[in-house]
Amino acid sequence: MSSFSHINDKNHPKMVNVSEKNITKRSATAQATMYLGTSIIQHFENDELTTKKGPVFQTAIIAGIQAVKKTSELIPMCHPLLISGVDIDIDIISTTRIRVLCTVSIEGKTGVEMEALTGASTCCLTIYDMCKALSHEQRIEEIKLLKKTGGKSDYHYGEKAH
């Protein structure tokens with residue numbers, strides 16, 4: 001028998017059956033950091049850059065929200081979920097870098113870690129797309145889960161599991 005929940009007794013992939021789980025409040029926050037460089041950051045005014053494609057951060061936030069809602073279409077073993085809320089913040093954290101925080105909330109039988117990670121990732125990909133005319137030196141540096149609450153256990157990045 002596999003120790004992976006997405007592998008059955010015959011060693012085949014499966015979607016986890018969550019029908020016996022209780023509905024609980026759950027949330028997850030993912031963080032992505034991105035190097036834009038001074039050549040892009042210097043064009044921002046009031047924490048926004050408007051290109052020929054439109055406002056970069058506002059468009060990236062909308063793309064991230066759309067991605068959260070479509071996570072189950074992209075990640076094969078993710079359940080389609082009725083998302084309760086998505087909150088995405090993008091901050092310029094230095095003269096060369098930005099940080100994206102994506103928090104997803106649900107009342108459901110399964111967590112939303114993958115949705116938060118997908119939302120943060122898509123924000124960065126959208127920013128890259130919208131700014132590539134200014135520079136191809138951009139890079140997505142890190143995407144990680146910062147925390148999750150609800151379900152069997154809570155998780156906070158950097159804290160040991162109990």
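At roughly what angle do the axes of helix 2 (residues 56-69) and helix 4 (residues 113-131) cross? In this predicted model, the answer is roughly 145°, with the two axes coming within 7 Å.

## About the model

This is a predicted model, in which local features need pLDDT of at least 70 and side-chain atom pairs count only at pLDDT 80 or more, while totals for chains, interfaces and linings use all residues. Residues are numbered from 1 along each chain as its sequence is written, and side-chain values use heavy atoms, with hydrogens and water left out.

## The chain as a whole

The protein chain has four helices and seven strands, where helices (H or I, at least four residues) and strands (E, at least two) are DSSP runs numbered from the N terminus. Read from the N terminus on, the elements follow the order β-α-β-β-α-α-β-β-α-β-β. Along the principal axes, the C-alpha atoms fill a box of roughly 55 × 30 × 25 Å.

Of the 162 residues in the protein chain, 38% are buried (buried is under 20% relative accessible area, exposed over 50% and partly exposed in between, with a 1.4 Å probe and protein chains only). Among contacts (heavy atoms within 4.5 Å) between residues at least 6 apart in sequence, 70% join residues at least 24 apart.

## Helix 2 against helix 4

Back to the opening pair. The crossing of helix 2 past helix 4 is right-handed, meaning that the near helix is turned clockwise from the far one by less than a right angle.

On the helix 2 side, Val-56, Phe-57, Thr-59, Ala-60, Ile-61, Ala-63, Gly-64, Ala-67 and Val-68 take part in the contact. Their partners in helix 4 are Glu-115, Thr-118, Gly-119, Thr-122, Cys-123, Thr-126, Ile-127, Met-130 and Cys-131. By class, the residues of this contact divide into eleven nonpolar, six polar and one charged (Ala, Val, Leu, Ile, Met, Phe, Trp, Tyr, Cys and Pro count as nonpolar, Asp, Glu, Lys and Arg as charged, and the others, Gly among them, as polar).

The largest pocket has a volume of about 520 Å³. A pocket is an open set of points on a 1 Å grid over the protein atoms alone, where a 1.4 Å probe fits, with protein on both sides within 12 Å along at least five of seven lines; lining residues have an atom within 4 Å of a point. The volume is the space filled by probe spheres set on the points, which are joined across faces, edges and corners. Of the 20 lining residues, His-6, Lys-21, Thr-110, Gly-111 and Glu-113 are the closest to the centre of the largest pocket. Helix 4 gives the largest share of this lining, three residues, and the classes are seven nonpolar, seven polar and six charged.

The second largest pocket holds about 150 Å³ of space. Thr-50, Thr-51, Lys-52, Lys-53, Asp-129, Met-130, Cys-131, Lys-132, Ala-133 and Leu-134 line the second largest pocket. Here too helix 4 gives the most, with three residues, and strand 2 (50-51) supplies at least two. The lining has four nonpolar, two polar and four charged residues.

## Residues worth a look

Arg-26 sits in strand 1 (residues 24-35) and counts as buried because its relative accessibility is 10%. Beyond residues up to four places away in sequence, Arg-26 touches several residues, including Val-104, Ile-106, Thr-110, Gly-111 and Thr-149. Ser-135, in the loop between helix 4 and strand 6 (139-149), is buried at 10%; it touches Ser-39 and Ile-40, again leaving out residues up to four places away in sequence.

The loop between helix 1 (38-41) and strand 2 holds Asn-46; Asp-47 is in the loop between helix 1 and strand 2 too. Most residues other than glycine have a negative phi. Phi is positive, however, near 55° for Asn-46 and near 60° for Asp-47. Asn-46 is exposed, at 78% relative accessible area, and Asp-47 is exposed at 53%.

Pro-55 lies in strand 3 (residues 54-55) and is partly exposed, at 33%. Apart from neighbours within four places in sequence, Pro-55 is in contact with Glu-48, Leu-49, Thr-50 and Met-130.

Note on methods: Axes fitted to C-alpha atoms, helices over the stretch in contact; angles between N-to-C directions.
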